[in-house]
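I wanted two things from this entry: the surroundings of the ligand, and the contact between the chains. My notes follow in the order I looked.

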Amino acid sequence: MSVPLIELKDVTKRFVKTLDLAEKIANLLGAHIREEVVQAVDRVNLRIGIGEVLGLVGESGCGKSTIGRIVAGTLSHSDGTVLYRGREVARMSPAEGKQVALKVQMIFQDPLASLNPRMRVRDIIGEAPRVHGLVAASEIEDYLDEIMLRVGLDPSYKRRYPHQFSGGQRQRIGIARALAVQPEFIVCDEAVAALDVSIQAQVLNVFMKLREELELTYLFISHDIGVVEHLADRVAIMYLGRIVELAPTEDLFTRPNHPYTQALLREVPRLDTRQHAFEPIKGEIPSPLDPPSGCHFHPRCPHVFKPCREEQPKLMEIAPEWLSACYLNNGSRR
Amino acid sequence: MSVFIIRRLLQSLMVIVAMSLIVFFGVNVIGNPVDILINPEFDQEELERAIKALGLDLPLWQQYLVFVKNALQGDFGKSFVFGQSALKLIIQRVPATLELAFTALIMSIIIGIPLGLFAGLKPDSSVSKAIMGGSILGFSLPTFWVGIMMIMIFAVMLGVLPSTGRGQSLTIMGLEISFLTWDGLKHLLMPAINLALLKISLVIRLTRAGTREVVLQDYVKFARAKGLSTRRVILVHVLKNILIPVVTVIGLELGNLIAFSVVTETVFAWPGMGKLIIDSIQMLDRPIIVAYLMIIVFMFVTINLVVDILYSVLDPRVRLQDVKA
Amino acid sequence: MSVTSKIELIPELSAEVALEGETSLRRFVSDFTENKVAVGALMVFLAIVFVAVFASLISPQNPYDLAEIDILNGRLPPRSESMSGTTYWLGTDDQGRDMLSAIFYGLRTSLGVGAMSGFIALCIGTCIGLTAAYFGGRVDSLIMRLVDLQLSFPAILIALMLLAVLGKGVEKIIIALIAVQWAYYARTVRGSALVERSKDYIEAAHCLAFSNRRIVFRHLMPNVLPPLIVVGTVQVAHAILLESTLSFLGIGLPVTEPSLGLLIANGFEYMLSGKYWISFFPGVALLITVVSINLVGDQLRDVLNPRLRR
Ligand SMILES: Nc1ncnc2c1ncn2[C@@H]1O[C@H](COP(=O)(O)OP(=O)(O)O)[C@@H](O)[C@H]1O
Ligand SMILES: [Mg+2]
């Protein structure tokens, strides 16, 4: 693989709630109040090549959005490095950092909340190119028309406010806003999850069309593994802050390796296999404040055996381009 | 729980320190301490002696420490006007102010709760509408103007109540109180109502809201339908439900009443500490001003602290919120 | 980007018409006018503002022009005539000033001081509240400590403290009123800014590499202002009341800038001899002003509070 567009090396994010003075004094007096630490992302490695679509899937609260934010540069990470075209983002000069920030844009889950309710569509889309001087003031109207048409919006709606649009149209406005700064990489965080199923397909089509036309690279985040199947080149499965499996989409959907991936796929009602049995994964997601030892998935895993509880399994290459973190791959069983 | 109390204690301490800093720097930086602390009628020699005695030739931070040390010992200097210890002068006036504030507090309860209950139980009657309209008016009325109007009506026009001053008082356990004599009571009535007016409006609103909430709940409707007398239903359920919020607010409003007594005391020439501070500001009697500010801050912080802690004992939800935050 | 590739019009584009044609402003106006009392209060308030602004044009006399007043006309009861034949509808004060004119001028001072202090406090409080909410962490807790500290004391006490140190004067009382009010604005702004800040459009603005200043003032602030309207009206009423109280106590405005509070104080000493009008009418004017502002504020709160919306 050539130099990836985005690369994460051992990226970790901890959210810490520190003790205040009163709690420290209470501890001195014999109370037992502890700092709360959530390890939202735990040593994650990802390489996303130019033009690729990487799906990132996991249950809610497993740290997907946190990764998305770190990639998009709106959240700082605690450890590890983020590289853009092979160069470390944290070490860039402010000016360069800003260029890179513009090259990576984000699309959000709730189309309405992601649009400033007090701005007209033309300002929502046009503010950034104007402020950053990407387009000459005299050409801005044409530029807006072009972008709105590109995402399937009627340019005559330019003067309207977000609440005057439907959900699908709002999401298109969000896409147009991102496109307006000429990005190379787009993080879609549950970008269609809030839309009606019929509209979902249309918006997904917009994404794919743009990918072809503009050679965009995507990180496509979804809690629903079904959504990424027809979209992603590769899929990463996440569980409680860790990546447990990463494989080309077709392989992953036909021969899921990790028990968690298998469980996720079993939950999806599938037309082709006519499997009606809809089996939810047993057990609850453990609290991220106090994750299980060893493999985080072991309390819910049907194949659990001794090492699973003791040490975290490594993410190993089980086939070319195919990584999985499960002790079952170490030979003995299955 | 303990964390909550520790946090509140720390906060209270910080408030007192911050306020002492503000008062100290207000006196020393914004104003000229020589003007503020030393009697302007002193001649040059006396002036220099006083500057030395007050430590005004020391660096600022040392002066602050001296100020704190003296304040802790209750020494805020001597009043220019009365020539007595500023603290003592204020302490002498505290009973009169507290008497007024507590009377107002009790009045706001015994007038506010029945009216609020009525307005809550019969929201559509015209009396209730009048009560609620009156309570809106209560929030908008300027206290001092109402006081003046009361004097005009009851003292000047009807001549039934004395216009100003504190009446005959008795000394019980070292405290001078006036509400035990007929004359004292007559003098107390108007200022207390005047001070209570705003709080009466507040209690009416709270009581009404609490009553509406309970009355609309199923178990009360049910109890009524079952034939229990309306009166018992009201007593048992409604009062139980509204008492905690009302009592809490009243606890918190005590400090407010003490602060607002400044106005009422001025109108009715009530010899409390509020009247003293206004007179002192007008006469530039600075030691009293500084002492008053520190005492009132201390009083406030203590009242707020006690109410908060009591509330957290009464209502566990406060603590839960605190843990979550 | 290259020239637009002319795309097929996606069905959604033509099929889905705009959902809400009605603008929010129009809805706001129609909601507000539902309450007739509030509309009446608004009219009264506008009339008061008019009187205050044009006091020098519509007053029967200039009460502070010594050439126009005559001490021989002092303390005349309402509806009496002066020696030169003009009628004093609300009587005269001890200096022989027409009370109606004095009230008009007093309204100007009271409203002016209230509005000015309210506006400055709003600006300061908004900036501080936005800063606290946007930056969070230490900055936030420091600011909020200060706000809590201040709000734990009654306004009149804070004003008293400041005026005791600062002394009398128009600018001093404006400073005191600002100091009293800013914390309410800061707390309100912070509260709604915290809600807004966590919304995705702010994160999107970050993504678009806007400066902190632009995000705070162009994106956050316009969404935080509506609840401030309510706080603002209530605060202006409070400020007017507080100013008149302080002026009455003799620690607010100087005698050269007579506000309603000072007029009431002037009349106080004549009250005991039954000359009620010198205090009574300025108080009525004050009351009407404050009640009308409060009624408008109440209705604004109901209209702007989404929970009460049908
Ligand atoms: N700002 C934050 N402060 C504290 N904890 C956070 C914050 N953001 C996310 N978390 C925690 O990090 C974990 C991962 O969250 P997130 O990345 O939003 O998950 P996902 O997008 O997969 O649903 C969750 O446990 C969440 O509670
Ligand atoms: Mg998420």
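The notes below take the ligand and then the interface, in a model that is predicted.

**Ligand 1**

I listed the shell around ligand 1 and found Phe15(A), Val38(A), Ala40(A), Pro288(A) and the run Glu59(A), Ser60(A), Gly61(A), Cys62(A), Gly63(A), Lys64(A), Ser65(A) and Thr66(A). By class I get 5 nonpolar, 5 polar and 2 charged residues in this shell.

I then asked which elements of chain A each supply at least two residues of the shell. They are β2 (36-48) and α2 (64-72). The largest share comes from α2(A), with 3 residues.

Next I looked up backbone atoms facing the oxygen atoms of ligand 1. A backbone N or O atom of Lys64(A) is 2.9 Å from an oxygen atom of the ligand. For Gly63(A) I noted 3.1 Å between a polar backbone atom and a ligand oxygen, and for Cys62(A) 3.2 Å. Ligand 1 exposes 560 Å² when taken alone, and the protein buries 62% of that.

**Chain B against chain A**

I counted 5 residues of chain B in contact with 9 residues of chain A. The area buried between them is about 560 Å², and carbon and sulfur atoms give 74% of this.

I looked for charge pairs and found 1 salt bridge between the chains. Glu23(A) and Arg7(B) form this salt bridge, with their closest N and O atoms 3.7 Å apart. The side of chain B that touches chain A has 4 nonpolar residues, no polar ones and 1 charged.

Notes:
Residues are numbered from 1 along each chain as its sequence is written. Chains are lettered from A and ligands numbered from 1 in the order in which they are written. This is a predicted model: local features need pLDDT of at least 70, side-chain atom pairs count only at pLDDT 80 or more; totals for chains, interfaces and linings use all residues. Side-chain values use heavy atoms; hydrogens and water are left out. A residue is near a molecule or strand if one of its heavy atoms lies within 4 Å of it. A polar contact is a pair of N or O atoms within 3.5 Å; within protein, one must be able to donate a hydrogen and the other to accept it, and residues adjacent in sequence count only if both atoms are side-chain atoms. Accessible areas come from the Shrake-Rupley method with a 1.4 Å probe; for residues, only the protein chains shown count as cover. Helices (H or I, at least four residues) and strands (E, at least two) are DSSP runs, numbered from the N terminus. Ala, Val, Leu, Ile, Met, Phe, Trp, Tyr, Cys and Pro count as nonpolar, Asp, Glu, Lys and Arg as charged, and the others, Gly among them, as polar. Contact means heavy atoms within 4.5 Å. Buried area is the accessible area (1.4 Å probe) that two parts lose on being put together, summed over both. A salt bridge is a side-chain nitrogen of Lys or Arg within 4 Å of a carboxyl oxygen of Asp or Glu.
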